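Dear colleague,

Please find the structure below, handed over for your own work.

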Amino acid sequence: MTPKRDVAAQRTAQIIEAATAVFAVKGFDGATMNDIADTIGINKATIYLYFDSKDALIHAIAEEMFAQELAGLQAARDLPGGAAGRLTAYYEALIAEEAEVVPLMPILYEFYALGLRREDVRAVITKFIRQLTGLLEAIIQEGIDSGEFAPTDARRAARALDALLSGTLLHWVYAPEEVDVDAQLRYGVQLIFRGLGSDRQ
């Protein structure tokens with residue numbers, strides 16, 4: 001017999017998946033819990049057994065998206081080899097996930113916009129940024145310590161790399177006809193590597 005905990009986990013994942021699809025099309029304000037329930041084929045009351053509000057569901061979606069990106073960066077950090085190679089593996093994974101990323105961008109940027117007005121949302125975003133830049137900083141610092149990168153402020157370098165990646169994706173989402181995201185990411189990261197003193201080509 002399947003434990004109730006597993007059933008709850010499956011239902012939670014199902015609700016988050018459906019809500020993600022609905023929010024991507026209708027936005028946070030336009031979507032209703034009924035819309036999400038109808039997508040799954042359940043009663044709205046069932047959703048409230050797992051999420052006590054639409055805000056709670058929005059938070060869960062954003063946190064899952066952030067967790068997936070952090071997991072990808074952690075996986076890159078755990079790879080063998082030099083710092084430049086591990087950072088390259090990270091952004092190449094981002095490129096490989098282009099088709100999956102695009103439908104989620106409306107949700108992500110809407111969540112960022114909410115963060116300008118709401119402290120609770122800003123706290124979630126701030127935590128993610130700190131974790132992401134912390135992992136990038138750790139990889140860069142390892143490159144500095146090994147002599148692969150020249151001595152520099154690893155935290156500032158991490159913020160510069162994150163800004164480059166995030167900015168490139170933003171330009172690509174809004175003007176895909178003008179941005180070859182693959183080529184632009186590769187070009188931008190190579191500039192960062194040159195600035196760090198990496199000889200990786």
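Glu142 counts as partly exposed because its relative accessibility is 27%, where partly exposed is the range between buried (under 20% relative accessible area) and exposed (over 50%), with a 1.4 Å probe and protein chains only. Its salt-bridge partner is Arg86, and the closest N and O atoms of the two are 2.7 Å apart; a salt bridge here is a side-chain nitrogen of Lys or Arg within 4 Å of a carboxyl oxygen of Asp or Glu. Arg86 belongs to helix α5 and Glu142 to helix α8, so the pair ties together parts that are 56 residues apart in sequence. Helices are DSSP runs (H or I, at least four residues), numbered from the N terminus.

The model is predicted: local features need pLDDT of at least 70 and side-chain atom pairs count only at pLDDT 80 or more, while totals for chains, interfaces and linings use all residues. Residues are numbered from 1 along each chain as its sequence is written, and side-chain values use heavy atoms, with hydrogens and water left out.

Salt bridges

Ten salt bridges are found when the whole structure is searched. One of them joins Arg118 and Asp55, with 3.2 Å between the closest N and O atoms. Arg118 sits in the loop between α7 and α8 and Asp55 in helix α4, so this pair ties together parts that are 63 residues apart in sequence. Both are partly exposed, Arg118 with a relative accessible area of 23% and Asp55 with 34%. A network of salt bridges links Asp55, Arg118 and Asp120.

Another salt bridge pairs Asp153 with Arg156, the closest N and O atoms being 3.8 Å apart. Asp153 is partly exposed, at a relative accessible area of 38%, whereas Arg156 is exposed, at 67% relative accessibility.

Largest pocket

The largest pocket holds about 870 Å³ of space. On a 1 Å grid over the protein atoms alone, a pocket is an open set of points where a 1.4 Å probe fits, with protein on both sides within 12 Å along at least five of seven lines; lining residues have an atom within 4 Å of a point. The volume is the space filled by probe spheres set on the points, which are joined across faces, edges and corners.

Which helix gives the most to the lining of the largest pocket? It is α4, with seven residues. Among the other helices that supply at least two lining residues are α1 (4-30), α5 (83-96) and α8 (119-146). By class, the lining has 19 nonpolar, five polar and six charged residues; Ala, Val, Leu, Ile, Met, Phe, Trp, Tyr, Cys and Pro count as nonpolar, Asp, Glu, Lys and Arg as charged, and the others, Gly among them, as polar.

Leu104

Leu104 lies in the loop between α6 and α7 and is partly exposed, with a relative accessible area of 25%. Not counting residues up to four places away in sequence, Leu104 touches Thr20 and Met65, contact meaning heavy atoms within 4.5 Å. The C-alpha atoms of Leu104 and Ala24 are separated by 6.4 Å, although the two residues are 80 residues apart along the chain.

With kind regards
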